[in-house]
Amino acid sequence: MPMLNTRPASLLALLALLALLALAAAATGCSGGGAARQQRDAAQQALATRAGGLQIATPGAAAASTAAAAPAGGGGGAATTIAVTITEWSVTPASARTKAGRVEFAAKNGGAIPHELVVLRTDTAHDKLEQRAGSVDESKARLVGRIALFGGGEEKKLTVDLPAGKYTLLCNVVGHYQLGMHVAFTAD
Ligand SMILES: [Cu+2]
C-alpha cells in the first residue's frame with residue numbers, strides 16, 4: 001500500500017488541480033462581463049473597420065471629411081431639406097432636384113442592415129459610374145459628402161453646399177451599388 005499508492009495518488013491530485021485551474025479560467029472568462037464585453041467590442045470594431053476599409057483606402061475618402069466639414073463656412077443661409085429614404089436596395093430622395101445652395105439631406109435607413117449615403121458630383125449617369133472592387137470608384141467623381149454606415153431604423157443628417165450640377169446619391173457599401181442603391185439628383 002505505501003510506496004505503490006503514493007505515486008498514483010499524487011498524480012490524481014495533480015490532475016484534480018489542473019481541472020480546477022481550467023474551471024477557474026473558464027469561470028473568469030464567462031462571468032467577467034468587462035472582459036467579455038471588451039472582446040465583443042474589439043470584434044465589432046474589427047468588423048466595422050473591415051467593412052469601411054475599402055472607402056477609407058480610396059483617395060476620395062480623405063476629401064470627404066474635408067468636404068463634409070467645409071459647408072459650415074459657405075453661405076450660412078437656410079438649407080433646403082431633402083428627405084432621403086434608404087432601404088434594401090434603393091436610395092429615394094423625396095425630390096430628385098433642388099435649387100443650388102445649401103442642402104440638408106435627412107436620411108432615414110428604413111432597411112434592416114447598415115447603409116450609407118454618399119453624395120457624388122458627376123456628369124456620368126447614376127447607373128454608369130465606374131466601379132472598383134465591388135463599389136463605385138469615388139476618386140473618379142467629386143465626393144461632396146457622406147453619411148457613414150448607419151443602422152436600420154436610424155436617421156442621420158448631412159448638410160452640404162451644392163453648386164448647380166448633376167449628382168448621384170448612392171450607398172457605397174461593397175455590393176450595394178450593383179443591387180440598385182443609386183439615384184440621380186440635380187441642383188439648379
Ligand atoms: Cu447599402
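The chain as a whole averages a pLDDT of 75, and 60% of the residues score at least 70. Because the model is predicted, local features need pLDDT of at least 70 and side-chain atom pairs count only at pLDDT 80 or more, whereas totals for chains, interfaces and linings use all residues. Residues are numbered from 1 along each chain as its sequence is written.

An open sheet of mixed pairing is formed by four strands in the order S2-S1-S4-S9. Strands are DSSP runs of E with at least two residues, numbered from the N terminus, and two of them pair if DSSP finds at least two bridges between them. Strand S2 (90-93) and strand S9 (155-162) lie at the edges, each pairing on one side only. Direction ignored, neighbouring strands of this sheet are turned by 25 degrees against each other on average, with axes taken as lines fitted to C-alpha atoms and angles running from 0 to 180 degrees between N-to-C directions. Four bridges join strand S1 (residues 80-87) to S2 in the antiparallel sense; Val-84 stands opposite Pro-93 in S2.

Antiparallel pairing also links strand S5 (residues 115-121) with strand S10 (residues 165-170), over four bridges. Here Arg-121 has Tyr-167 in S10 as its bridge partner. S10 pairs in the antiparallel sense with strand S11 (residues 182-187) as well, over six bridges, and Thr-168 is bridged to Ala-184 in S11.

Conventions. pLDDT = per-residue confidence, 0-100.
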